[in-house]
Amino acid sequence: MKPFIYFICILFFSFSSCENHGAIANTQFADNNKLDNNYPWKAKWIGTDVGTDTVNTWIGFRKELSIESLPKAPLYARIAADSKYWLWINGEMVVFEGGLKRGPTPQDTYYDTIEIGKHLKKGKNVIAILLWYFGKEGFSHKSSKKAGLIFDAQGNNVTILSDKTWKAWLHPAYGETEPPFPNYRLPESNIKFDAQKGDFSFVSLNFNHDSKPNALEFGIPPIAPWHTLVQRNIPQWKDFGLKAYENAPKFPFYATGDTLKLKLPYNAQITPYLKVEANNGELIDIRTSNYRGGGPPNVRAEYITKSGIQEYESFGWMNGEEVYYTIPKGVKVLDLKYRETGYNTEFSGFFECNEAFYNLLWQKSLRTLYITMRDTYMDCPDRERAQWWGDVVLESGEAFYALSPSSHELTKKGILELMNWQRADGTIFSPVPAGNWDAELPTQMLSSIGAFGFWNYYWHTGDKETIEKIYSKVEAYLNVWQLKADGTLELRKGGWTWGDWGENKDMPLLFNTQYYMALDSFYRMSLLLNYADKASATKAKMETFKADFNKIFWNGTAYRSPEYKGKTDDRSQGLAVVSGLADATKFETIYKVLQQEKHASPYMEKYVLEALFQMGYSQYALERMQERFSTMVNHPDFSTLWEGWGIGVEGFGGGTTNHAWSGGGLTLLSQYVAGVYPTSAAYNTFEVKPNLGFLKHVKATVPSVKGPIEVDINATNNYEIALKVPANTVATVYIPSSYNTLLVNNKHVDYLTANNFHALELTDGYYFIKGIKTSN
């Protein structure tokens with residue numbers, strides 16, 4: 001063994017790919033789901049007399065109380081708001097942007113659970129809350145049409161309940177900007193703050209609130225229009241703190257009136273900050289490079305100065321590669337910073353190989369995934385912030401290979417939301433939560449409940465309870481679909497008959513392949529939950545459907561619908577393979593088609609590439625991946641991947657520059673190239689079966705629910721794998737059978753050989769596996 005291989009064996013397992021940027025999380029219990037929150041609510045919903053048609057309203061709440069003895073155990077406050085809140089206790093910020101966009105069901109509202117006991121003190125205490133009421137619908141929010149707050153902390157010796165003794169008033173400094181306003185998909189508004197009219201002194205301990213009106217009481221939950229309160233099941237946001245821009249100027253300086261373009265380290269969810277010395281009434285405009293991301297206007301902020309030195313942070317998050325400050329001439333600029341916040345997870349996954357392109361693709365995919373996570377998974381963080389389920393299926397798959405297990409809760413939340421919004425006729429639609437959208441995209445809905453959607457979530461997490469909750473709802477949706485006399489699927493238009501962006505879409509094939517994967521998922525769920533009769537009936541239906549599908553759609557050279565007149569659809573060939581509808585006898589023919597046809601968007605390209613890996617054409621899969629994604633991966637101005645193959649006029653409808661459905665390559669590189677995939681739920685067993693293609697060195701970490709799986713594969717001379725197997729798992733490792741001598745930790749071991757691979761089972765521990773080609 002060469003000396004550097006020994007060095008790798010010793011040091012490899014110490015590498016860490018976690019990326020925390022010095023972040024801190026908002027104060028909260030580590031696992032909200034394990035708190036007993038079933039005790040009755042005693043607090044009342046409170047608010048002001050804001051009208052139901054009031055948009056973009058900011059309300060201050062304040063409660064003074066005296067505490068004789070501190071809580072003897074952790075004291076948790078249950079807090080709900082329509083729509084968002086910021087919490088200070090005794091002048092210290094405890095929660096930065098609490099609350100979730102509304103909609104666990106079409107009627108109900110989420111609440112947070114926050115540990116507040118450690119922030120209290122003996123004597124006078126002050127609870128101060130700033131509430132942002134969106135007041136309008138969006139693709140990610142269902143408005144109750146009434147601003148409200150509830151705060152319920154019940155302890156053994158300290159109880160704090162929202163009621164009419166609290167103070168509540170419209171914050172005078174917040175207002176509406178002039179047009180243009182954010183496009184209709186966003187429930188958020190532009191934020192205008194006039195420092196001449198108010199400030200944040202109300203959060204301080206010594207603020208005199210006697211002149212402020214008392215809150216109005218609206219009642220004890222459950223009560224309309226917020227109805228039942230549902231506990232938040234995802235973490236509070238990670239707060240990375242205020243940071244300097246990459247190209248921050250030297251402070252102080254006097255503004256010239258030009259727009260300052262300040263660089264972020266990557267496309268991020270940020271709130272902008274400023275500190276200036278100015279006269280009264282100077283207007284500072286703040287927006288990002290993604291203000292027009294995807295075409296229409298998104299969110300921006302305005303700050304109107306008061307006289308003197310002042311600082312301000314605009315609390316509505318925006319995203320981009322740069323932040324633009326337009327500051328009037330003569331204003332003295334003392335500091336400009338930004339605060340990144342985001343979903344509370346770690347970058348625990350890792351991939352690296354000897355070809356730089358794939359490393360950059362994996363990292364840009366990760367950055368794109370992270371910026372499309374917050375209240376829900378999003379298609380994009382600028383134009384829509386919407387939980388489209390075609391996107392979620394790919395995003396959740398990426399998260400299993402890139403992020404720590406806290407990310408799984410966002411997928412679970414999305415699954416429960418999707419099925420809790422199911423209509424009486426059994427149909428489902430996305431995006432939900434939503435107040436101004438209700439159209440079904442049938443192929444995306446089939447994908448959501450299918451093998452790459454709900455079932456993939458269970459397979460990686462082992463969360464049987466969630467499958468139990470949604471099983472009957474999945475069955476009800478499948479029952480909406482009917483078969484034609486020829487045994488294939490009767491197409492349903494739904495609300496929007498969409499299959500993919502781009503041209504040459506063979507829609508009957510897209511529908512039929514997605515339907516088969518939905519059947520497959522339901523079959524597996526039925527087995528899991530011991531519905532033997534349903535499993536047997538579904539399996540029989542699948543077998544008949546597969547035979548009829550191939551009879552109708554396979555013409556000997558490709559899958560095509562008889563009535564379809566366009567070029568052969570590469571998407572449909574890929575979906576036929578990954579669904580299991582195409583058997584191995586067709587692989588070589590499909591491979592020839594995929595060498596010629598390239599019509600899929602980045603969304604569907606993932607399934608085309610996955611089919612190539614599954615059929616055994618890993619080298620061409622890597623070549624096609626690089627060919628298709630090279631423009632966006634290699635673009636120097638963007639840290640994230642795009643909605644289409646181009647941007648602007650070259651994109652689909654303009655396109656966004658941060659669309660996580662383009663990150664499917666991340667999953668493929670970890671799952672197929674590094675070869676790590678669970679062979680039973682929750683990684684009780686898993687395989688390591690690399691498909692290196694033309695690559696020579698691959699290193700990866702997969703953050704499984706059992707712990708990190710770490711693998712380092714070197715095929716430069718011999719075939720060598722350094723592997724960490726987590727506790728309570730069993731790995732099956734595959735080595736090409738052309739290496740006819742096999743050593744594990746320098747010892748000969750027993751193994752099986754079949755289908756051109758040696759296979760050996762390894763329990764938890766660290767291993768160095770070496771395959772050597774020796775002459776007979």
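Reader: Which backbone oxygen does the side chain of Gln 422 reach at 3.0 Å?

Author: A polar contact is a pair of N or O atoms within 3.5 Å; within protein, one must be able to donate a hydrogen and the other to accept it, and residues adjacent in sequence count only if both atoms are side-chain atoms. Here the side chain of Gln 422 reaches the backbone oxygen of Lys 473 at 3.0 Å, and it reaches the backbone oxygen of Gly 426 at 2.8 Å. The model is predicted: local features need pLDDT of at least 70, side-chain atom pairs count only at pLDDT 80 or more, and totals for chains, interfaces and linings use all residues. Residues are numbered from 1 along each chain as its sequence is written, and side-chain values use heavy atoms, with hydrogens and water left out.

Reader: Where does Gln 422 lie, and is it buried or exposed?

Author: Helices (H or I, at least four residues) and strands (E, at least two) are DSSP runs, numbered from the N terminus. Gln 422 is in the loop between helix H4 (408-420) and helix H5 (442-449). Buried means under 20% relative accessible area, exposed over 50%, partly exposed in between (1.4 Å probe, protein chains only). Gln 422 counts as buried because its relative accessibility is 18%.

Reader: Which residues is Gln 422 in contact with, leaving aside its neighbours within four places in sequence?

Author: Contact means heavy atoms within 4.5 Å. On that basis Gln 422 is in contact with Thr 427, Ile 428, Lys 473, Ala 476 and Tyr 477.

Reader: What is the strand order in the open sheet of seven strands?

Author: Two strands pair if DSSP finds at least two bridges between them. The order is S24-S27-S28-S29-S35-S31-S32, with antiparallel pairing. Strand S24 (350-353) and strand S32 (747-748) stand at the edges; each has a single partner strand, so one side of each lacks a neighbour in the sheet. Strand S31 (residues 741-744) is joined to S32 by two bridges, and Leu 743 has His 748 in S32 as its bridge partner.

Reader: Which strands does helix H3 touch?

Author: Axes are lines fitted to C-alpha atoms, for helices over the stretch in contact, and angles run from 0 to 180 degrees between N-to-C directions. Helix H3 (residues 389-402) packs on this sheet and touches S24 and strand S27 (697-704). The direction of H3 makes about 105° with that of S27.
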